[in-house]
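These are my notebook entries on one structure. I wrote down what I looked up, entry by entry.

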Amino acid sequence: ETEGDGLGCLESLIVVSNRQPYRHEYEDGEGDEGSIVVDEPAGGLTAGLDPVVREANGTWIAWGDGDADFAVTDDDGCVAVPPDEESYTLHRIELSEEAVDSYYYGFSNQVLWPLCHEFPDLIDDGDAWANDFEWYRTVNERFADAVAEHATAESVVWIQDYHFGLAPRLIRRQIPEAATIAHFWHIPWPTPETFAECPADEELLVGLLGNDLLGFHVDRYARLFMECVEQYLDGAVVDHDRWLVDYDGGTTRLATAAMGVDADTYDETAREVEGTDALLERFGVSPEVTLGLGVDRLDYSKGIPERLAALERFFERNPDRRGEFTFLQKATPSRTGIPAYERLGELVRSEVTRINSRFGTDDWQPIVYTEEYVSREHLCGLYRRADAMVISPLLDGMNLVAQEFVASSVDEDGVLVLSEHTGAHERLGADAVTIDPTDTDAFAAALETALEMPASERRRRMRNMREDVFGADLEAWMDSQFAAIGRLHCSSGSDDDE
Ligand code: ADP
Ligand code: G6P
């Protein structure tokens, strides 16, 4: 329940995110003559927040990126959703191609994403970033203006992720003092050494300190944020014990809450799956194999080349596994057009081809790689069927796939091989097989450990992990966020009848 724990005083909830919960599209190839179809909420976050915003009859502000999005909105960009049961306002922001190029592909994903994932070499430090940052500011301003159109003294504004580093302060300036601004930063926060590479370091910190509450997945990121504030922002006072930052007359409280998944739904869906043989055969995988599984966006932070190197080492060391073990890698192209993502895609595809030609036979491939769309039902089936799920990011704020796998492992016989550099490892590390993805030999040995683990041991570990994943699921995450928001908001004087 969202109300009981913190939002009893909630009268107006405004969510801000880059990705929208519903997208309107013209039916395939029919252009603007065609009938309009609605895409359901896709990822974990949008799907998880949707019921909360529904219940609150709130407002959701997001980038309208569907080709029919603005055919269904009013002149202000607003449309009532969900389509079948209108309960809240989706306010779409229309962005020009240039704005998308600079704000989304540019500053968000070629400065902040590599910065926060500790890939300083991939930060766009040419001349482009200054222009990209201008657009990032402009887009943040447009979102802030949209918030101001809806906000009252009773509002709680809840901002999602790194696309909106400047928005909190811009919003603060425009809305009543009594309204509460909270933000969840879904990706890691970098070390002060790496943060030095941020071309707009001070403005970004000042922006984020417009929040009343700033949330991270794990304590480490919140601590690093405080260290960066202390080092890079004159005039800020950091209270490391109480996790408070005072700046320019305002106070920002830091909080951690490890995001979870909708575990019950994954569990139920996995139970309903009627076998995966046909699906595996479609991919050219024999249903008899011992199955390794990888599921990722095609992103350089996910450690996919490192995973392929470990698999190659594994097959070198274990000739008896050839023909018997297959690794299925499901990847979704992401942020295509950004050179680092294009290069990664090429590298991954060519490495798979090379390894397959080294070990593959007429009727068996060591690695089956697909970018094909797989429905949520089939995904749950694969999670359930996998003997070893391999998650090897070089750095990942949380990694929800790890939890989805655990929630779907209803037979309690799969093993999770998990990078120590994920937020998920703080939760599941004790019962996963831990890896450092850059240590190829140890990674290959971990795959051996996973595949040779006795059934009783697999069950024991999986039960522990399931306890964690069901106990701290998406709803619990939301409740903890709202409890923290509620403590600030309900005591701020805007509403004292809680
Ligand atoms: P990120 O948000 O960085 O992509 P997460 O693991 O936290 O990583 O969340 C990814 C979400 O996207 C999960 O809900 C997962 O099921 C989904 N997803 C990721 N890759 C794929 C894929 N190749 N096919 C289908 N779903 C995917
Ligand atoms: C990560 C980010 C999200 C983002 C998602 C998909 O999870 O934290 O904010 O939505 O990746 O990336 P995309 O660029 O396609 O939105």
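I take helices (H or I, at least four residues) and strands (E, at least two) as DSSP runs, numbered from the N terminus. Residues are numbered from 1 along each chain as its sequence is written, and chains are lettered from A and ligands numbered from 1 in the order in which they are written. This is a predicted model, in which local features need pLDDT of at least 70 and side-chain atom pairs count only at pLDDT 80 or more, while totals for chains, interfaces and linings use all residues.

**Entry: P114**

I looked up P114 and found its place in helix 3 (residues 97–116). Is P114 buried or exposed? I call a residue buried if 20 or more other C-beta atoms lie within 10 Å of its own, exposed if 12 or fewer, and partly exposed in between, with C-beta atoms placed from the backbone. P114 has 22 C-beta neighbours inside 10 Å and therefore counts as buried.

For contacts I require that the C-beta atoms of two residues, placed from the backbone, lie within 7 Å. Leaving aside neighbours within four places in sequence, P114 is in contact with F119, L122 and I123. I also noted T194: it is 80 residues from P114 in sequence, and the two are 10.0 Å apart in space, C-alpha to C-alpha.

**Entry: helix 4**

Helix 4 (residues 128–150) has 23 residues. I computed its expected span as 1.5 Å times one less than its number of residues.

**Entry: strand 6 and its partners**

Strand 6 (residues 88–93) is mostly covered, with five of its six residues buried. I count two strands as paired if DSSP finds at least two bridges between them. Strand 4 (residues 59–63) runs parallel to strand 6 and is joined to it by five bridges. Strand 5 (residues 78–81) runs antiparallel to strand 6, with four bridges.

L90 in strand 6 is the bridge partner of W60, and V79 also stands opposite L90. The link from strand 5 to strand 6 is a hairpin through six residues. P82 is found in this loop between strand 5 and strand 6. The peptide bond from V81 to P82 is cis, with omega near -10 degrees.

I traced an open sheet of six strands in the order 15-14-13-16-17-18, with parallel pairing. Strand 15 and strand 18 (433–435) are the edge strands, as each pairs on one side only. Neighbouring strands of this sheet are turned by 20 degrees against each other on average, direction ignored.

Strand 16 and strand 17 (residues 415–419) run parallel and share four bridges. V390 stands opposite V417 in strand 17. For angles I used axes that are lines fitted to C-alpha atoms, for helices over the stretch in contact, on a scale from 0 to 180 degrees between N-to-C directions. Helix 14 (residues 400–408) lies across strand 13, strand 16 and strand 17, and runs at about 170 degrees to strand 17.

**Entry: helix 11**

The 14 residues of helix 11 (residues 304–317) should span 20 Å at 1.5 Å a residue, and the end C-alpha atoms are 20 Å apart, which agrees. L308, L311, F314 and F315 are among its buried residues, and so are E306 and R307. The cover over the buried residues of helix 11 includes strand 13 (290–297), strand 14 (325–332), helix 12 (339–359) and helix 16 (440–452).

**Entry: ligand 2**

Which residues surround ligand 2? I count a residue as near if its C-beta atom, placed from the backbone, lies within 6 Å. R19, D161, H186, I187, S334 and R335 surround ligand 2.

Most residues other than glycine have a negative phi, and most peptide bonds are trans. D161, not a glycine, has a positive phi of about 75 degrees. D161 is found in the loop between strand 7 and helix 5, and counts as partly exposed because it has 19 C-beta neighbours inside 10 Å. R335 likewise is not a glycine and has a positive phi of about 50 degrees. R335 is found in the loop between strand 14 and helix 12.
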